[in-house]
Amino acid sequence: MKEESEPSGNPILGDRIRGLRKRRKLTLSQLAEQSNLSPGYISQIERSLAYPSIPALVKIASSLGVTVQWFFSGSLEVPAAERGYVVRAQNRLKIEYEKGFVDELLTPKMSAQVEMIYCRMPPGSESEEAYTHDGDEVGFVLVGALDIWIGERYFQLAPGDSFSFSSKEPHRYRNPGEVETIVLWAISPPAF
């Protein structure tokens, strides 16, 4: 697995991974072995010196017994009356990955049946390694172009195109264009 990434300006993800790893009483080496990643790479993520790839964060989450949703973070307080019902644009919880991918959680964390994610992909970025997880996914391309591989199948999608697949099939994707791609994803149950 390619483990290079760019320095992170947001320490929240690394802090959350380190904190959960320590609560689970796992060493860096143990987490690395369970997630099939190098201890150095996990250490860089924990110290906010690197963004994880999407497949790497899926592996870390699985090894720690949580879904990726657990790592979404934000800094604004949600009014009590809106908790579990409304997500304001400025209050979206986010995860930043290597290559500039940004996922924003559109559903309240309390949603037990489905999660909706607003994904921004810079021009030329891609998830180079296919990954799997539990659940089913549907997606809708809002802006830009999307190349997606599902198992052995390859599709080229444009704005207005949608797709659906079992998340248990290996999948990866790429923005082949020169503008940012924005995809609206829904995953059920929230296993990502």
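Me: In which sense do S1 and S2 pair, and over how many bridges?
Reply: This is a predicted model, and in it S1 (residues 93-96) pairs with S2 (residues 102-105) in the antiparallel sense, with four bridges.

Me: OK, and what's the bridge partner of Leu 93 in S2?
Reply: That's Leu 105.

Me: How many residues sit between S1 and S2?
Reply: Five, and the two strands form a hairpin. Lys 99 is in the turn, with a positive phi of about 70 degrees.

Me: Zooming out, how many helices and strands are there in the chain?
Reply: Four helices and nine strands. From the N terminus on, the order is α-α-α-α-β-β-β-β-β-β-β-β-β.

Me: Why call the chain as compact as a globular protein of that length?
Reply: Because its radius of gyration is 16 Å, close to the 16 Å that the globule rule gives for 192 residues. The C-alpha trace spans about 45 × 45 × 30 Å along its principal axes.

Me: What share of the contacts links residues 24 or more positions apart?
Reply: 65%, counting contacts with a separation of 6 or more.

Me: And how much of the chain is buried?
Reply: Buried residues are 43% of the 192. The accessible surface comes to about 9,500 Å², and carbon and sulfur atoms hold 51% of that.

Me: Switching to charges: how many positive and negative ones are there?
Reply: There are 21 positive and 25 negative charges, and their mean positions lie 8 Å apart.

Notes
Residues are numbered from 1 along each chain as its sequence is written. This is a predicted model: local features need pLDDT of at least 70, side-chain atom pairs count only at pLDDT 80 or more; totals for chains, interfaces and linings use all residues. Side-chain values use heavy atoms; hydrogens and water are left out. The radius of gyration is taken over C-alpha atoms; the globule rule is 2.2 Å times the number of residues to the power 0.38. Buried means under 20% relative accessible area, exposed over 50%, partly exposed in between (1.4 Å probe, protein chains only). Contact means heavy atoms within 4.5 Å. Accessible areas come from the Shrake-Rupley method with a 1.4 Å probe; for residues, only the protein chains shown count as cover. Lys and Arg count as positive and Asp and Glu as negative; His and the chain ends are not counted. The place of a charge is taken as NZ of Lys, CZ of Arg, CG of Asp or CD of Glu. Two strands pair if DSSP finds at least two bridges between them.
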